[in-house]
Amino acid sequence: MYIFKYTYPWIIQEILYIPLWVDFFVKPNFHRINNTINFTYITYKNIMAKEQTSNFEAQLFKAADKLRKNIDAAEYKNVALGLIFLKYISESFQELYDKLVADEQSEPEDRDEYKAENIFFVPEQARWKSLQAKAKLPTIGQELDDAMEAIEKENPELRHVLPKVFGKPNLDKTSLGELIDLISNTELKVENEKSKDLFGRVYEYFLGEFANAEGKKGGQFYTPKSIVKLMVEMIEPYKGRVYDPACGSWGMFVMSEKFVQEHQGNIKDITIYGQESNQTTWKLSKMNLAIRNINSQFVSWNTEGSFLKNDHPDLKADYVLANPPFNQSDWGQEILQDDARWKYGIPPAGNANFAWMQHMLYHLAPHGVMATVLANGSLSSNTSWEWDIRKNLVLADLVDCIVALPKQLFYNTGIPACVRFLRRERTLRNKETLFIDASEMGFLKDRVHREFTQEDMDIIANTYHNWRKNPEKYEDQKWFCKSAKMEEIEKHGFVLTPGRYVGIGDVEDDGIPFEEKMEKLTTTLAEQMAKEAEMNEEIKKQLAKIWFTL
């Protein structure tokens, strides 16, 4: 009976951040708090741990967002992220520049010196110190636009990528100067951290926060980090070609890079390919990769998109990672009827879910594996075309694993979704599919967004890897996971909803009469309600000590 937990989840989350609250109330009274409040305190500690790891990024974003004023988040993200990128490449340039100045045999203005070290050359007018000195001038907006233009001319790989939006009349130049000063203060942190890691983290954090601020539109360029991390940990992209046909801001590849580094691999062993139809999002992705020195040579943009203008027609990728638009209509089926990609059936005109899936399969190498996020409807839809395609995928022994996700994970939709893992040449567990129901996992990060914990991701990924590679360590668990043979899936009409297979666990009879249970439960409820009232009064007292009243 988590009365307190559900009554005041957001109040506790805010109040517990106050050190005075911890000192005056939680610690001295912790021995009096029942299991429900014990759970809340543990949640508080977890939240505080998360806060400490991203406290710098959070403070920077909060300060930057204050300077946004009346500008829409969709527009302001290009301003803030553009400046973060400019600061990063300027610092990287300055670091090598200083080394070259100290070396009498080197020429610090020689472009080739920077090209050899995979560092962008930054012309003098675009260097951060020069721009920071002009931050208080009314012309700072035009100065920044000119700086971006100059950087693009010196670095062909950045051509048509950098934002040139700083001179717009609706952007307050005083606030813009303050934002430059704010980002300049990151130098204090860089002294103790690698610049690339720091600015990569800041850029990623800002992307997530802007996606949150934009709501549904934010989901078009950003996939929540915990989903991406789960997908990467399950397919393990150590070496080879990685492809995303709807790449957004390229969080999939950034997470792949982290995975390789964490497992002592070499990021140079991975080549990334991708396509994006939204030019603004494509620019974000190019900067996101550049800030980590990831080669984005094969990251393309065109307005037609991956279906109508496939920029990588001959690609066979070892790994495919994607979060394409859910239930996309009007995707061009009428002019793609005879396309070679539809090996398992022609996708319906009004829904592109199976078009995306088959597009990815078409580009999957003979030994490849793919992970894609799709709406849950694709698991059970009965329209003839979709049912035929789903059946053909199962009979072709391509469906490796299905993971049902919780609601509220995404910024652009609240509908439930799943991750499909398809694999070619399945020498392990052939003609079997693992179903995992993770729909009740995760925690509410805020009132509307859910997120997986690292423990959640470990449980799901380890279950999958044990099922594939260590069958002696795997066993079916009711309510959570089930390994189903192809014959069983056929009996269920090729419906792939995990809940259909993991079932409902048996309820053991403990021998206690219903009346006795109800009496005990209502007594416990009354006690907890009394404790809730007591704690409400204590909260008021402690808030009053710091001049707050309820």
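Reader: Which residue in β11 is the bridge partner of phenylalanine 435?

Author: Lysine 482 is the bridge partner of phenylalanine 435 there. This is a predicted model, where local features need pLDDT of at least 70, side-chain atom pairs count only at pLDDT 80 or more, and totals for chains, interfaces and linings use all residues. Residues are numbered from 1 along each chain as its sequence is written, and side-chain values use heavy atoms, with hydrogens and water left out.

Reader: How many bridges link β8 and strand β11, and in which sense do they pair?

Author: β8 and β11 (residues 481–485) pair in the antiparallel sense over 5 bridges. Two strands pair if DSSP finds at least two bridges between them. Strands (E, at least two residues) and helices (H or I, at least four) are DSSP runs, numbered from the N terminus.

Reader: What about β6 and β8, parallel or antiparallel?

Author: Parallel, with 4 bridges joining β6 to β8 (residues 432–437). Isoleucine 402 stands opposite phenylalanine 435. Alanine 404 stands opposite aspartate 437.

Reader: And which residue in β7 does alanine 404 stand opposite?

Author: Cysteine 418. β6 and β7 (residues 417–423) pair in the antiparallel sense over 5 bridges.

Reader: Is β8 mostly covered or mostly open?

Author: Mostly covered, as 6 of its 6 residues are buried. Buried means under 20% relative accessible area, exposed means over 50%, and partly exposed is in between (1.4 Å probe, protein chains only). Both faces of β8 are covered: Glu432, Leu434 and Ile436 on one side, Thr433, Phe435 and Asp437 on the other.

Reader: Why call β6 largely enclosed?

Author: Because 6 of the 6 residues of β6 (residues 399–404) are buried, the strand is largely enclosed by the rest of the structure.

Reader: Loops next. Where is glutamine 408?

Author: Glutamine 408 is in the loop between β6 and β7. The residue is partly exposed, with a relative accessible area of 30%. Its phi is positive, about 70°, although glutamine 408 is not a glycine.

Reader: What is phi for arginine 429?

Author: Near 60°, again a positive value in a residue other than glycine. Arginine 429 is found in the loop between β7 and β8.

Reader: Switching to β4. Which strands does it pair with?

Author: Strand β1 (residues 240–244) pairs with β4 in the parallel sense over 2 bridges. β4 also pairs with β5 (residues 364–375), in the parallel sense over 5 bridges. Tyrosine 243 stands opposite valine 320 in β4. In β5, valine 369 is the bridge partner of tyrosine 319.

Reader: How many residues of β4 are buried?

Author: 6 of the 6 in β4 (residues 317–322), so this strand is largely enclosed by the rest of the structure.

Reader: Where is glutamate 91, and is it buried or exposed?

Author: Glutamate 91 is found in helix α6. At 16% relative accessibility, glutamate 91 counts as buried. Its C-alpha is separated by 8.5 Å from that of arginine 127, 36 residues apart along the chain.

Reader: What does glutamate 157 touch?

Author: Phe120 and Lys286, not counting residues up to four places away in sequence. Contact means heavy atoms within 4.5 Å. Glutamate 157 lies in the loop between α9 (140–154) and α10 (173–184). The residue is partly exposed, with a relative accessible area of 46%.

Reader: And the whole chain: how many helices and strands?

Author: The chain has 22 helices and 11 strands. Of its 550 residues, 51% count as buried.
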